[in-house]
Amino acid sequence: MIIKTGNMFFLQGRGTSYVIRISEEGYVLHDYFGAEIAPEPYAEDKRGWWCMQATGADGACLDEIRQEYPCYGHTDLRRPAVNANRGTVLKYKDYEIIDGKPDLKRLPSALGGGSESLIITLADELSGAEVKLNYTVFEGSGIVCRSAVITNTGDEPLVIDRAFSASIEFPCSDFVEMHFSGSWGRERHVVKNELVHGIYEIENARGGSGNQINPFVILKDKAADEDGGDCYGFMLVYSGDHCTEIEVDQRGRTRVNAGINPFMFEKTLVKGESFTTPECILGYGNGLGELSREYHDFIRKRICRGSWSRKERPVLINNWEATYMDFDEDKLISIATLAAELGIELFVLDDGWFGKRDNDRCSLGDWTVNTDKIPSGLSGLAKKINGLGLKFGLWFEPEMVSPDSELYRAHPDWVIRSGREPALIRSQLVLDLTKPEVREYIINAVNAVLNSANIEYVKWDMNRYITDMPRKGFNYEYTLGFYEIMDGIVNSHPDILFEGCSSGGARFDAGVLCYMPQIWTSDDTDPIERVYIQYGTSFGYPPSTMGSHVTESPNQHTRRHLSMKTRGDVSLSGNFGYELDITKLNEADLEAIKEQTALCRELRGLVEYGDFYRLFDPFDGNLGGWMSVSGDKSRAYVCIARVLFKPNSYYTRLKLKGLDKNSRYRDLDTGKEYMGDMLMNRGLLIEFPFGDFTTVTMRLERIEGSTSGE
Ligand code: DGJ
């Protein structure tokens, strides 16, 4: 609900309020974001008009005022949300409240059913810059989505060199910022910093959102933990260069700007032209757990779309770590035949099926099947796989081209170039998606393959970052090109399950999730490494978005030996699957796989769509753990993993969360029964079994009729 009362706007979400005030001088001020307050006007806290500060003709000193979309250069010298020409001064012009959301044109954004938006227009008389600030609140959610549209209404060109999606100013700085950083194989590890005076940028300028820094940042009160304290989230619905800039100013206030990274950005608007920023999803939670559950719910309902967004995901087997590119049709069929017997539901053919692709130095761009390897062609192979009772899925990397390819030989001008020979990464170049003919080629080539066989799943990979960009602002245009391609392919195949991938999880963001409801979380499938990666990822993204596979032991990336049970338990906490040569396994492991696929069918609805609670922080101790609770609190699944084996280690008290305190639950493995409040307050003692079992799991089910008062 959006309420205007006097000079204040109250944006009321489920349990949250976002308050904007228009000052008497006509500035749009940020007043409050956090736990819900009544939409009753209150007095302005107007301090800081002190003599040594710059004041404008209207007497205002913007350096001292918390604003919704600050500018630089007149009376505010902090880092602005927007900057154009010689600096702008934006003043309130008018407002509008609409049902639903404004259209963000070529950018993906949250679904707007059951939402209401406030659009505030600001204008700068001198430059002719006009800015529309969009704010949306949603039924049944505490999230506020923001974006901005900048229009040049003047005669002179307007050169924008920064245009953030959202800016929020807090009156204090006793916060810890949390972001999710890493590298290939080590994505989204939790990093925490106490804020200090100065400017801190959490940013990436590699073309894709990147595995170095995820476009999601949290600010939390120093004392806030999983279960309480003010926590604020800034998540971008964007897959390109991004930046969250945190400035603690001379008075100890904190300004957070979140949006496109200004470092390599510039856009010139001619008269009448507009620029739209990506959307920023602002979240608030009383505790990190509540904040995450708010994002999980929002992503599942309003970011992921298409027929697979609410469906249970199939158990898959992918041939990558089993065969790499060294396979033939018989090998694939032998894996698929056994997979069907073990209860696996989807067979995915990874890299190496097209052109002359026997190694990673050729053929990207030539999306025609290699019939030497697959004599039946894709259609024939899909039929055989379907005949075994499995769905068939296929890998692509359509944004790329190998210099050794038919496509490159025909169109060397289609790659991104700055003038010098472009850098190769993994022997490949990036196609210039800003060119309409390149987008058209990709859309047609991929659609032709998808229409040629019964392909029910696509893994969309992107294995390098962008270099040699020809101009500032290029990466933004590339990202728009990527989204246009997504529109042209995903939307014409609404029943195909798409999984995003980028050398593992290097493009794991809400922009990608608007098209593909799941993403390959990391190439690192060592379950202990995955405890860190999946734990870090869970702060912003629900388990339904995380691809999570059992691979061989010792793990190919870490050489760590771990049991099939440990590998299965951790993988069962995401979209479950296998990525190893099952034809080489012993009977015991094959039996374990049969049990795991059955368990996955039992648990996946709960894991993918339940409420997620973090229990143990692996970045702060030897254990990592979490649990999922069904919406009606009738079922729960708990998974705890131990990082290092310690002989005669201490017992661990496991206090569960999110259960119904008045219900009695049965542990489905031991048959033991416990009351919900006992499990959450007293807890249980857990001990890890001896051997290479490094996980403890628990499945709980409410005993019908057990709830007090029933
Ligand atoms: C990187 C992905 O993360 C892997 O899973 C695999 O698909 C390879 N690319 C294939 O080249």
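Let me start with helix 7, residues 474-490. At 1.5 Å a residue its 17 residues should span 24 Å, and the C-alpha atoms at its ends lie 24 Å apart, which agrees. The expected span here is 1.5 Å times one less than the number of residues. Helices, and the strands that come up later, are DSSP runs numbered from the N terminus (H or I, at least four residues, for helices; E, at least two, for strands).

This is a predicted model, in which local features need pLDDT of at least 70 and side-chain atom pairs count only at pLDDT 80 or more, while totals for chains, interfaces and linings use all residues. Residues are numbered from 1 along each chain as its sequence is written, and side-chain values use heavy atoms, with hydrogens and water left out.

Back to helix 7. It is mostly covered, with 13 of its 17 residues buried. Buried means under 20% relative accessible area, exposed means over 50%, and partly exposed is in between, with a 1.4 Å probe and protein chains only.

Next, helix 6, residues 436-452. This helix also has a stated length of 17 residues, and from its first C-alpha to its last it reaches 24 Å, close to the 24 Å expected at 1.5 Å a residue. Which residues of helix 6 are buried? They are Val438, Arg439, Ile442, Ile443, Ala445, Val446, Asn447, Val449 and Leu450. The cover over these buried residues includes helix 4 (377-387), strand 23 (391-396), strand 26 (457-460), helix 7 and strand 27 (497-500). Contact, throughout this talk, means heavy atoms within 4.5 Å.

How do helix 6 and helix 7 pack? The angle is about 30°, and the axes are 9 Å apart. Axes are lines fitted to C-alpha atoms, for helices over the stretch in contact, and angles run from 0 to 180 degrees between N-to-C directions. The cut-offs are under 35 degrees for roughly parallel, over 145 for roughly antiparallel and 65 to 115 for roughly perpendicular, with the rest oblique. The crossing of helix 6 and helix 7 is right-handed. A crossing is right-handed if the near helix is turned clockwise from the far one by less than a right angle, and left-handed if anticlockwise. On the helix 6 side the contact uses Arg439, Ile442, Ile443, Val446, Asn447 and Leu450, and on the helix 7 side Gly481, Glu484, Ile485, Gly488 and Ile489. By class, that contact has six nonpolar, three polar and two charged residues. Ala, Val, Leu, Ile, Met, Phe, Trp, Tyr, Cys and Pro count as nonpolar, Asp, Glu, Lys and Arg as charged, and the others, Gly among them, as polar.

Apart from neighbours within four places in sequence, Val449 is in contact with Trp353, Trp367, Leu378, Leu394, Phe396 and Ile455. From Gly140, Val449 is 309 residues away in sequence and 41 Å away in space, C-alpha to C-alpha.

Helix 9 (residues 527-537) and helix 10 (residues 564-571) pack at about 15°, with axes 9 Å apart. These two, helix 9 and helix 10, are therefore roughly parallel to each other, and their crossing is left-handed. In helix 9, Pro527, Arg530, Val531 and Gln534 meet Thr566, Arg567 and Val570 in helix 10. The residues of this contact divide into three nonpolar, two polar and two charged.

Is helix 10 largely enclosed or open? Seven of its eight residues are buried, so helix 10 is largely enclosed by the rest of the structure. The buried residues are Met564, Thr566, Arg567, Gly568, Asp569, Val570 and Ser571. They pack against helix 9, strand 29, strand 30 (575-578), helix 11 (587-609), strand 33 (635-642) and strand 38 (695-702). The loop between strand 29 (546-550) and helix 10 holds Pro554, and the peptide bond from Ser553 to Pro554 is cis, with omega near 0°.

Last, two backbone angles. Lys105 has a phi near 60°, a positive value in a residue other than glycine. Lys105 sits in the loop between strand 6 (91-99) and strand 7 (115-123), and is exposed, with a relative accessible area of 62%. Asp468 also has a positive phi, near 60°. Asp468 is in the loop between strand 26 and helix 7 and, at 15% relative accessibility, counts as buried.
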